[in-house]
Amino acid sequence: MRATVYWIEGDGIGADVWKGARPVIDEAVRKVYGEANSIEWKELLAGEKAQSETGERLPQETIDALRNARFAIKGPLGTPVGTGFRSLNVTLRRTLDLYACIRPIRYFEGVSSPVKHPERVNVTIFRENTEDVYAGIEFNAGTDEARRLIAFLRDELKADVDPLASVGIKPMTERGSKRLVRSAIRYALDRGLPNVTLVHKGNIMKHTEGAFRRFGYEVAAQEFADVTTTEAENLPGRKLTIKDRIADAMFQEVLIHPEQYSVLATPNLNGDYLSDAIAAQVGGLGLAPGLNQSETLSFYEATHGTAPTLAGKDRANPGSLILCGAMLLKELGWNEAGDRIEGALSRAIANRTVTEDLASQMPDAKTLGTRAFAEELMRLL
Ligand code: NAI
């Protein structure tokens, strides 16, 4: 089988990490399947490369190709803070309706971690990607829009909003909550994982976060009744337990009892915080892969940024993109090739032959450049 995968190089270290990642992914497929399976890579332009070649940061051609694609992977894309153009990442998520942001987070033996038992962490976060305060509907204090909205809230809805406030809107829908939880449940069932936890702040935000919790339990009861149970019911013989935790308690739980959680389903903002916090627990963001998914497209992305100080220097760690590749191969059903990549990365880290970001935190490590690290991984596949 030949699978078509679109790829976007990305800004900053994007070119470096791709030079490390693609040969490893191709070699894993070749080693396991010979000529029987292969990836046909097709490049799409976005970010600085698109700007210099086409005059646009996100050309329509790229969006059109992604609308019809099944698989894509991207490197990091730069975004200015506070001012300037809107994040391309957010634009892509909204335009393509990539509603689930999926982050598997696990520990690799040998990586320096701030906690005593990082190996107990093995969790996949499903973060809703299109709604919540992240929808970008906000109005600056003192503008005509803010004044009109606040006047409506005060006069019509009797809501006590300070007339001088900036205001943001937190839209969350039944459809948005349910499709996210549905995909988290399917993921857990497909992999034989024991639980899905709905993370919310429903004690305070009852009609948004509280509704997320309610809709989550409804999906489980309506669509997966024969295979799921709730923590409270604890019915025997069910494969999957659905539980829920208030977001602040969840941050404690992942530190104290991480082994009790296999999949977390969260609204947008909580998921953003939790993803980075749990990734830090196992030794940082550099290695975590990410997947943004719509009903039709699986769009993998390196979770780190553009690391401009390392760009073009053969120093970046390509691990995040390489693990994206492993996830993609498993989604294609090429599980053995995906496992080989994860195994090679585990062994390279255990052998302490790593890129400088990891080496600087390991005693007696040997520092490799991006390309040499990729060659080492190919040897270990
Ligand atoms: P960053 O992830 O680029 O850098 C944070 C730190 O981690 C730096 O010290 C950097 O050198 C290091 N680092 C990151 N990736 C590394 C790798 N693969 N190997 C070795 N070291 C690595 O985050 P920062 O500085 O906050 O953002 C820089 C730019 O990247 C911004 O424009 C931001 O918007 C963008 N960004 C894009 C993301 C994406 O496209 N998914 C995600 C995060 C940030």
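Tutor: Two strands are said to pair if DSSP finds at least two bridges between them, where strands (E, at least two residues) and helices (H or I, at least four) are DSSP runs numbered from the N terminus. The model is predicted, so that local features need pLDDT of at least 70 and side-chain atom pairs count only at pLDDT 80 or more, while totals for chains, interfaces and linings use all residues. Residues are numbered from 1 along each chain as its sequence is written, and side-chain values use heavy atoms, with hydrogens and water left out.

On those terms, strands β8 (residues 195–200) and β10 (residues 240–246) pair in the parallel sense, over six bridges, and one of the residues involved is H200, whose bridge partner in β10 is I246. Both strands belong to an open sheet of 11 strands with mixed pairing, in the order β2-β1-β3-β13-β12-β4-β5-β11-β8-β10-β9. Because β2 (38–43) and β9 (228–230) stand at the edges with a single partner strand each, one side of each is left without a neighbour in the sheet. From one strand to the next, the twist averages 25 degrees (axes are lines fitted to C-alpha atoms, for helices over the stretch in contact, and angles between N-to-C directions run from 0 to 180 degrees).

Turning to the helices, where contact means heavy atoms within 4.5 Å, helix α7 (residues 209–223) lies across β8, β9, β10 and β11 (263–266), and its direction is at about 160 degrees to β8. Helix α9 (residues 268–281) also packs on the sheet, touching β4 (100–106), β5 (122–128), β8 and β11, and the direction of α9 makes about 155 degrees with that of β5.
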